[in-house]
Amino acid sequence: MNRRAYSLMVMAILLSVVVGACSKKVPPVARPMPPPAPVSTAPPPPPPPPTPVSEPVPVAMPPMPVEDTIGSKSLDDLNRDSPLQPLFFDLDSSDVNASGQVVLQANAAVMKKYPAWQVTIEGHCDERGTAEYNLALGERRALAARTYMVSLGIPADKVKIVSYGKEFPFDAGHDDAAWGRNRRAHFVITAK
Amino acid sequence: MMNRSLASKLSGVMLLAASAIVAAQQPATPPSQTPAQTSVELRLTGEPGTPPRLAVPDLLALSSDRETQDAARAISEVLFADLDFEREFALIPRDTYKSIPAAGSIDAVPFDRWRELGADGVIIGTVQKTPSGVRVEMRLYNVRARQSAYGREYTGSAANPRIYAHTMADELHLSQRQVRGVARTKLTFISDRNREAVMATVEKRDVKEVFVADYDGANQRRITINRTMNLYPSWSPDGRAIVYTSYRSGVPDVLISNIYAGTMESPTKGVGQNWLPVFSPDGSRLAFTTSRDGNSEIYVMNRDGSNLNRLTNSPAIDTTPTWSPTGTQIAFTSDRRGQPQIFVINPDGTGLRQISFESYADRPTWSPAPYNEIAFAARTGPGYDIKILGIASGETRQITFGEGSNESPAWSPNGRHLAFMSTRAGRSQIFTVDRDGRNVRQVTKDGNNQTPNWSQ
C-alpha cells in the first residue's frame, strides 16, 4: 500500500473525528470519503494439516521461581493469597495444638526466606465467648502463636500481635464449622 | 423573655445532631424554666397501693402553624412514654380519651370527663410560638381535687421539642414520686451502620464507630470518625466525655473524646495495648485492661495517665473492670480459676475475692446506689443471659431468658433499668430492660449495635 495515500487517509479520518468532536451542535455534514486504496493481498495460506499428537514427553522443569513470585507481589496481593497460613484453636483455648505447630513451622520457614517482612498476628475468637473476655482471649491466642514463632528463631521484633476478639468473624455462620474457622490466629504481612 | 445564649445552645445541639463532626458545643441543657402561675404543689395519689392513673392528652397549640402543632403532639407523646418508662404512674392509653374535648385553655379543664375515665391526674399544657422559639406550659391536675398539683413553664428553641417533655417527666417523677428519672439521660454504643470498610485489610471489615442517642433511642448520632474499630464506649460522670477502646493506631488503646469541646485525650500516651476503660465515679481516674506487662491485667490511672497502678498480677486473663459506686472497690473478670468468673478487688490491689460461681461470667457492671448489685452476662446455654447478683445477699437472679444471646449490661443512673445488647432481633441491637426483667424496649435498628453504656 502506498504509504503517502495511507497517511492521507488516516489524517482525513482523524480530521473528521476532531471536527465532529469539536462541533457537537452542528448537524453532521455528509462528506465524501476517499475511496479505500486498492489492497492487493494474497489469500491466506490454508491452515496446515493437523499433525498427529505425540505422546507428551516429560520435560525437566526449571525450579519454580517461588521466591520471585512472592517477593514481587504487592502487600495486598500477598495477603489475599497469603503464604502464611492461619492456625486454629480449640474452644475457650489458646494452646497451639499439634496441627497449629505444623502451620507455624511452615510460616516460620517462609518468614526466614523473607527477613524483611513485618508480620502482625491477629487473634480471633468465635461468637460463643463474651465480647469483652474474647478480646483478652484473642490477645492470648495471638501471643501464643507469636511465642511459638519466636521459639522457632523468628526475631521477636518482626512479629506484632493484635486481638479483634469476636468482632471480625471470617465465617458469619453459627455452627461448629463456622466457629472452628473463627477461632484463629490470622497472619497479616504489613511490610516487606 | 427569650434567653439568647440558651437558644444558641439548643440550636447548637441540633447542629451537632446533623453533623458527624463534633464541634465545640454546650451540652444539651434543659430549657430554662420559670415557675408557673400556680404556687400550689400537691402530691398526686392513686387508689391505696396502686400508682396514680394518669392521662396525657395532646398539648394545646396556641399558634396555628405546623411546627407548633407538631410540637404540641410530640411533647405529649414523648411525655407519655417518659412517664410510662419508670412505671411510677399507670398511664391511661391515649386513644381512650380522643373524645374528650381539648381544654379551651390551660385553666378550663373538663374534670368530670377525666374523672369518668378513672384518671387520678391529667397533664394539660400549651405550646405557643414566640419570636425566638416556643413557650411550653404544662400542668399536672389532680382530677378529684380539681386543682393544679404541679406546673412548669419553659421557653427555648423549637428545634427539639422532646427536651421539654423529658424535663417535665424528670420533674414530675421527682416531685410526685421521689424518683430520679432518666428522661434526659443518654446512651452511648458502637455501630457499624455506616457500612464503611476498615482500610488496609484484604477481607471486608466494617468500621465500628461510637454513637450516642437519647435514652429512648431518639437523636442517634455519630461521635467518632476515625474509620477503624472502636469498642466499649463509657460516659464520664459529668456526661461531657466518652472514654472508649480505639484501634485508630492499629492496636487497641484508650481514647477520651470530649464530645462537646471536640477535643481528644490519649491518657496511655501510646504505651502498650489498652482496652475496656471506665471512669471512676468521681471522674478523676480510669480503670482499664492492659497487656503491657505480658498478659491482660487490671490497672488504674489518673485521667491524664499519671499515677499508674497495677491491681492484678496473674498469668490468667484479668479484664473488664467496673467501679463500685463509692469508688472503693473494683469488680472484674478473671479466668484464674478456670472459666471466666467475676472477682472483686480494692483499688490498691488488696482484698481479692470471687463473687460469681457460674459456668462462665463476664462484663460485670456495678449498680448505682442505693442498690448494691452487679449485673453481668452469664453463659446459660448456647448464648448468654443477663443476671443480677446482690453483693450483700450473695443471691443471683436472671432477667433475660434465652431470647437471643444477651450481653454487655449497663445500669441506668437510677439503678432501675439496664441497657444491654441482644441478638433477639436477628442482629446485634441495643435494648433496655427494667431491673425486674420487665419493660424490654429496642433502642437501635440500623446496622449492628453493640456494648451500650448509660450516662449519669
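Helices (H or I, at least four residues) and strands (E, at least two) are DSSP runs, numbered from the N terminus. With that in hand, let's start the tour.

This is a predicted model, where local features need pLDDT of at least 70 and side-chain atom pairs count only at pLDDT 80 or more, while totals for chains, interfaces and linings use all residues. Residues are numbered from 1 along each chain as its sequence is written, chains are lettered from A and ligands numbered from 1 in the order in which they are written, and side-chain values use heavy atoms, with hydrogens and water left out.

**Stop 1: chain B as a whole**

Select chain B and color it by secondary structure: you are looking at four helices and 31 strands. Now hide the surface in your mind: 58% of the 456 residues of chain B are buried (under 20% relative accessible area; exposed is over 50%, partly exposed in between; 1.4 Å probe, protein chains only).

**Stop 2: a bridge between chains**

Over all chains, the structure holds 44 salt bridges (a side-chain nitrogen of Lys or Arg within 4 Å of a carboxyl oxygen of Asp or Glu). Select Glu122(A) and Arg205(B), whose side chains form one of them at 2.7 Å, N to O. This pair crosses between chains: Glu122(A) is in strand 2 (residues 118–124) of chain A, and Arg205(B) is in the loop between strand 8 (186–191) and strand 9 (209–214) of chain B. Are these two residues buried or exposed? Both Glu122(A) and Arg205(B) are buried.

**Stop 3: helix 3 of chain B**

Next, pick Asp112(B) and Arg146(B), a salt bridge at 2.2 Å, N to O. Asp112(B) lies in helix 3 (residues 111–117) and Arg146(B) in the loop between strand 6 (133–142) and strand 7 (147–156) of chain B, so the pair ties together parts that are 34 residues apart in sequence. Asp112(B) counts as exposed because its relative accessibility is 51%, while Arg146(B), at 47%, is partly exposed.

**Stop 4**

Select Glu196(B) and Arg222(B), which meet in a salt bridge at 3.3 Å, N to O. Glu196(B) is in the loop between strand 8 and strand 9 of chain B and Arg222(B) is in strand 10 (residues 221–222), so parts 26 residues apart in sequence are tied together. Glu196(B) is partly exposed at 22% relative accessible area, whereas Arg222(B) is buried at 12%.

**Last stop: a network**

Finally, select Glu86(B), Glu88(B), Arg177(B) and Arg416(B): salt bridges that share partners join these residues into one network.
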